[in-house]
Amino acid sequence: MRRLKRGVESAPEDVQEIQEAFEAVRANLRSAASVFTTGDRRAARVLSQQKAEFRRREGEAIKTHFARLRQQRQATAPSLDLLRDIKRLNDHLVAGAAYPVLEAAGELMPSRIADDGDGHPA
């Protein structure tokens, strides 16, 4: 909103990237609702894999941002902020719908933190 008020327009590729991310999170919302109501483990696993897809999207956006900075072109930090917010929303969808189903099925690890060999987090 601040950029729009100042008359700064987003690059078309940034707008497209944001629209694609919103569409992906909309699809994940539909999947999350389905997983939440049915408890389908396969669908929960597919939904949980979407976190990796959003991490990939964010990584690509960051690479593009720094490439533009190196080329002295306009940086797209607000777009990065919006993508991070969309990613965070997706993370909450996965955590709220897929993780409980996977945990109940015994398919979710208690932690991604490596242990020190004694069964304790390192």
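Which residues does K51 touch, not counting residues up to four places away in sequence?

## K51 and its neighbours

K51 touches N90, D91, V94 and Y99, where contact means heavy atoms within 4.5 Å. This is a predicted model, in which local features need pLDDT of at least 70, side-chain atom pairs count only at pLDDT 80 or more, and totals for chains, interfaces and linings use all residues. Residues are numbered from 1 along each chain as its sequence is written, and side-chain values use heavy atoms, leaving out hydrogens and water.

You will find K51 in helix α3; helices here are DSSP runs of H or I with at least four residues, numbered from the N terminus. K51 is buried, at a relative accessible area of 18% (buried means under 20%, with a 1.4 Å probe and protein chains only). Its C-alpha atom is separated by 9.7 Å from that of L93, 42 residues apart along the chain.

## How α2 meets α3

Now to a pair of helices. Helix α2 covers residues 12-38 and helix α3 residues 41-70, and they pack at an angle of about 165° with axes 10 Å apart. Axes are lines fitted to C-alpha atoms over the stretch in contact, and angles run from 0 to 180 degrees between N-to-C directions. The two helices are therefore roughly antiparallel, a term for angles over 145 degrees.

Among the α2 residues that meet α3 are A21, A24 and V25, while the α3 side includes L47 and F54.

## A look along α2

The buried residues of α2 include I18, N28 and V35. Just after α2, G39 takes a positive phi of about 70°.

Conventions
Parallel < 35°, antiparallel > 145°, perpendicular 65-115°, else oblique. Buried < 20%, exposed > 50% of the residue type's maximum accessible area, 1.4 Å probe, protein only.
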